[in-house]
Amino acid sequence: MKVKYLVEVLEPRTNMVKVTMTIPVSSIKNLSLFLPSWSPGSYLMREYSRHVRSFRAVSSNGETLFHAQTAKGVWEIDFSRSDLKQKDVKEISVHYEVYCHELTVRTSHVDETHAFLHGPTYLMGIVDQKLPNPELTLRFSSLWSKVTTGLKDISPGRDVFVYTASDYDVLIDTPIEIGCHDTDGFMVNNIPHELAFYGTAYPHKNNLKSDIKKIVEHVSQTMGDIPYEKYVFITHFVPKFFGGLEHLNSTALHFDGRKLGNRKDYINWMALVAHEYFHTWNVKRIRPQELGPFDYLNEGYTKMLWLAEGLTSFMDDLFILRSHLCSLEEYLEIIKGNFDVYYGTPGKKFHSLEDSSYNAWIKLYRPDENSKNSSISYYLKGGLVFAVLNVMLQERGKGINDLLNLLWKSYKDRPEKGLSTEEVFSMVKTLGGQTTLDVFEDMVTTTKDIDFDLYFQKIGLRFKWDEPKTPFLGAEFDYKEERVFVKTVLLDSPAYKGGLNAGDEILSMNGLRLLKADMGEFGKLVQSNINYEFLVSRLDKITPLTILIEEAPRSLKEIQITDREKALKALGVV
């Protein structure tokens, strides 16, 4: 079934994309078309079909075909409701429009400055059909002059834009940037890597092209080969934005271009580039068995996102260190920040990495005021767990690279089949023995405490703790002008024990009004081990609360280097 798509963005000010699908018909039987509800790599039902309008189907002889929407993202074309005969029709065309005005890496955005087209949001598929070698033709505003995409260009001339992919999965997994964006590129192992930059970046002294190339060279060398013919980095520089989404031979990235000149932010940006680029191997090819083939209309549950995202979260910062884009001290400061979040998340007591992975659809991507108390991020804890695994493997004369090699070999031996938890555990046992596996399995499947300090000491690093002895309430706040509202209450904190709730407006403490400016000085206004009388407004009812202020829990002050050479060796820095 050779399906062709015509995608038109002729009036970008309307934020609309018009799509025409031309579908060959070999027999007159009903067809069901669908628009995905979610994007691989972003585990939340986003219900893209809510932006579809004006769906219609027409036969090649011009007759309008009866259709009905049978589910939230499914339209059935019913041939039995017409007088068509097979000789009358060889193909049909389906026409629809999609509203595209949400700028994220997993949605499409169209305005007069550009069009960023994310496949699952606008390209319909056909139920139970893989659609080999689909063609996509672009027509767009004369305001624009460039198209950047990882799709294969089969345009017959420079005045048309025609692309193809091996099948529907690859087609929608390849984003497109259209506009007047800046472009550049480089070669690695005779393979082109394209760069597209949309938006505004403040002046800075960093060389993005050179540094991204270093990441590509190092990661691809670590993995042993490059599994694509071309790679595309699409970057949107937009204030207050940060994030990325991986694709088979490309990535979409968001970053605040004003911050490229700030050293810490720049390192964070480079780590994001490394994270999404490493997904080219880990996730897009090495993957949990549940993540493919995709069911785009229903959740793809897996307990293995600790492998997909946890391993990637450990490797991204490590790749920056190994590529000499940051110092050991800068790397450890990043890791310390991860530990700060980990130790400040009570939910680690309730969700294992497997639990966190399985519940991604309703937890990680739907955070609320109680998320910190109920779960732990498989990105965060997963990355720290793989740091421990690397230490344990080092004790056996191995390292994390050896695990990467086994994972990649497993993929190449059977590229159509994903991995099970048992298979990954078997690789760990092969490299580190039964004791290493027992510890690693516990870290993945249970909520047992992990003595990270002990493991870090084995590679020349040591935790230095801070005992602040400062007053501690255990709540986070939002503000409406000068008014103070409770955003989050941490489990077992003084605020929690005293009955403070998310959503409460704090009116006063010990009879005096509390306003936004006071919260900035809160630690100076109270003392530990003393009760304070609060008045809050809860659902417009004035409620008194007595809260005993406690001392703040200890925190990680720094990760000290006790043996630099040993640490660098363990982290694979040469």
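In which strand does S54 lie? S54 lies in strand β4, which covers residues 52-59. The structure is a predicted model, in which local features need pLDDT of at least 70 and side-chain atom pairs count only at pLDDT 80 or more, whereas totals for chains, interfaces and linings use all residues. Residues are numbered from 1 along each chain as its sequence is written, and side-chain values use heavy atoms, with hydrogens and water left out. Helices (H or I, at least four residues) and strands (E, at least two) are DSSP runs numbered from the N terminus.

The phi angle of S54 is near 60 degrees, a positive value in a residue other than glycine. Most residues other than glycine have a negative phi, and most peptide bonds are trans. S54 counts as partly exposed because its relative accessibility is 47%. A57 also lies in β4, but A57 has 0% relative accessibility and therefore counts as buried. Contact means heavy atoms within 4.5 Å. Leaving aside neighbours within four places in sequence, A57 is in contact with E63, T64, L65, I77, S93 and V94. A57 and H236 are 179 residues apart along the chain, and their C-alpha atoms are separated by 36 Å.

Two further backbone features are found in loops. D492 has a positive phi, near 65 degrees, and is a residue other than glycine. This residue is placed in the loop between β24 (483-489) and α12 (494-497). With a relative accessibility of 42%, D492 counts as partly exposed. G292 and P293 are joined by a cis peptide bond, with omega about -5 degrees. P293 is located in the loop between α3 (263-278) and α4.

The pairing of strands is described next. Two strands pair if DSSP finds at least two bridges between them. Strand β1 (residues 4-9) is mostly covered, as five of its six residues are buried. β1 runs parallel to strand β11 (residues 135-140), to which six bridges join it; in this pairing L6 stands opposite T137. With strand β2 (residues 16-24), β1 pairs in the antiparallel sense over five bridges, and M21 in β2 is the bridge partner of Y5. The hairpin of β1 and β2 has six residues between the strands, and in this hairpin N15 takes a positive phi near 65 degrees.

An open sheet is formed by four strands in the order β8-β9-β15-β12, with antiparallel pairing. Its edge strands, β8 (109-111) and β12 (146-149), each pair on one side only. From one strand to the next, the twist averages 10 degrees. Within the sheet, β9 (residues 114-117) and β15 (residues 176-179) pair in the antiparallel sense over four bridges, and L117 stands opposite I176 in β15.

Two packed helices are described by the angle between their axes and the distance between the axes. Axes are lines fitted to C-alpha atoms, for helices over the stretch in contact, and angles run from 0 to 180 degrees between N-to-C directions. Angles under 35 degrees count as roughly parallel, over 145 as roughly antiparallel, 65 to 115 as roughly perpendicular and the rest as oblique. The axes of helix α4 (residues 305-322) and helix α9 (residues 400-413) come within 12 Å and cross at roughly 130 degrees. The helix α4 is therefore oblique to α9. A crossing is left-handed if the near helix is turned anticlockwise from the far one by less than a right angle, and right-handed if clockwise; α4 passes α9 in a left-handed crossing. In this contact, L307, L311, F314, M315, L318 and R322 of α4 meet I400, N401, L404 and L407 of α9. These residues divide into eight nonpolar, one polar and one charged, where Ala, Val, Leu, Ile, Met, Phe, Trp, Tyr, Cys and Pro count as nonpolar, Asp, Glu, Lys and Arg as charged, and the others, Gly among them, as polar.

Helix α4 is also crossed by helix α2 (residues 208-223), the two axes coming within 10 Å at an angle of roughly 110 degrees. α2 and α4 are therefore roughly perpendicular to each other, and α2 passes α4 in a right-handed crossing. I215, H218, V219 and T222 of α2 make the contact with F319, I320 and R322 of α4. By class, the contact has four nonpolar, two polar and one charged residues.

Key
Buried < 20%, exposed > 50% of the residue type's maximum accessible area, 1.4 Å probe, protein only.
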